[in-house]
Amino acid sequence: RHFADQAFDAIAWLEGVTTVDGFPTKAIISPDEDTGSDTVSWYPSTDGQWLWKGDCSSDEIDGHMYGYSIYYDLAATDEKRAEIRDLVDRIMGHILDNGYLLIGADGKRTRWGVWAPEYLNGPWRAQRGLNSLEILSALRSAEHITGNSRYADAYKDLVENHGYAENARR
């Protein structure tokens, strides 16, 4: 449990360090480190002690949701479960509130944080199956963890009105 707690605290910090509620970053560095030739912007944390990378993809959300789910079910204390519920609600709320897009500090969607029907059932054909499955899985996990019917309703809408189950099947 000690190691599971440490792992959760580390992954939760990826959202806690950003200045965008519900937006986890993929990387954190100290301000004196070189960001390299990366074209993605880096932003200072609220306390100014860190820089966080202003990009997050669907893959990172997959990892977060999987980790939160396993930890929640197998190792978390009641206190940690409350933290997980709040964190998952912030992240999934952010995605739903932004039309199934992950919106960064610049107010724009990230390059790969996309699950919106107008993308997946439109120009993003290559990502249709995988990203449909990703968001359906994330919504089920969020419903399980938070107990919030908002996530079940969103799941049902994507399956019944946007063909996400069929997208995933193909």
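1. Basis of the note. The model is predicted, so local features are held to a pLDDT of at least 70 and side-chain atom pairs to pLDDT 80 or more, whereas totals for chains, interfaces and linings use all residues. Residues are numbered from 1 along each chain as its sequence is written, and side-chain values rest on heavy atoms, with hydrogens and water left out.

2. Packing of H5 and H6. Helix H5 (residues 128-146) packs with helix H6 (residues 149-162) at an angle of about 155 degrees, and their axes lie 8 Å apart; helices here are DSSP runs of H or I with at least four residues, strands are runs of E with at least two, and both are numbered from the N terminus. The axes are lines fitted to C-alpha atoms, for helices over the stretch in contact, with angles from 0 to 180 degrees between N-to-C directions. H5 and H6 are therefore roughly antiparallel to each other, a term for angles over 145 degrees.

3. The H5-H6 contact. On the H5 side, the contact (heavy atoms within 4.5 Å) is made by Ile135, Leu136, Leu139, Arg140, Ala142, Glu143 and Thr146, and on the H6 side by Tyr151, Ala152, Ala154, Tyr155, Leu158 and Val159. These residues divide into ten nonpolar, one polar and two charged, where Ala, Val, Leu, Ile, Met, Phe, Trp, Tyr, Cys and Pro count as nonpolar, Asp, Glu, Lys and Arg as charged, and the others, Gly among them, as polar.

4. The sheet. Three strands form an open sheet in the order S1-S3-S2, with antiparallel pairing; two strands pair if DSSP finds at least two bridges between them. Strand S1 (28-29) and strand S2 (42-44) stand at the edges with a single partner strand each, so one side of each has no neighbour in the sheet. S2 is joined by three bridges to the antiparallel strand S3 (residues 51-53), and Pro44 stands opposite Leu51 in S3.

5. Ala76. This residue sits in the loop between helix H2 (58-74) and helix H3 (78-97), and Ala76 is buried at a relative accessible area of 5%, buried meaning under 20% (1.4 Å probe, protein chains only). Leaving aside neighbours within four places in sequence, Ala76 is in contact with Arg1, Tyr71, Arg81 and Ile84. Ala76 and Asp5 are 71 residues apart in sequence, yet 7.4 Å apart in space, C-alpha to C-alpha.

6. Lys80. Although charged, Lys80 of helix H3 is buried, with a relative accessible area of 13%. Leaving aside its neighbours within four places in sequence, Lys80 is in contact with Asp5, Phe8, Asp9 and Tyr71.

Methods:
Parallel < 35°, antiparallel > 145°, perpendicular 65-115°, else oblique. Buried < 20%, exposed > 50% of the residue type's maximum accessible area, 1.4 Å probe, protein only.
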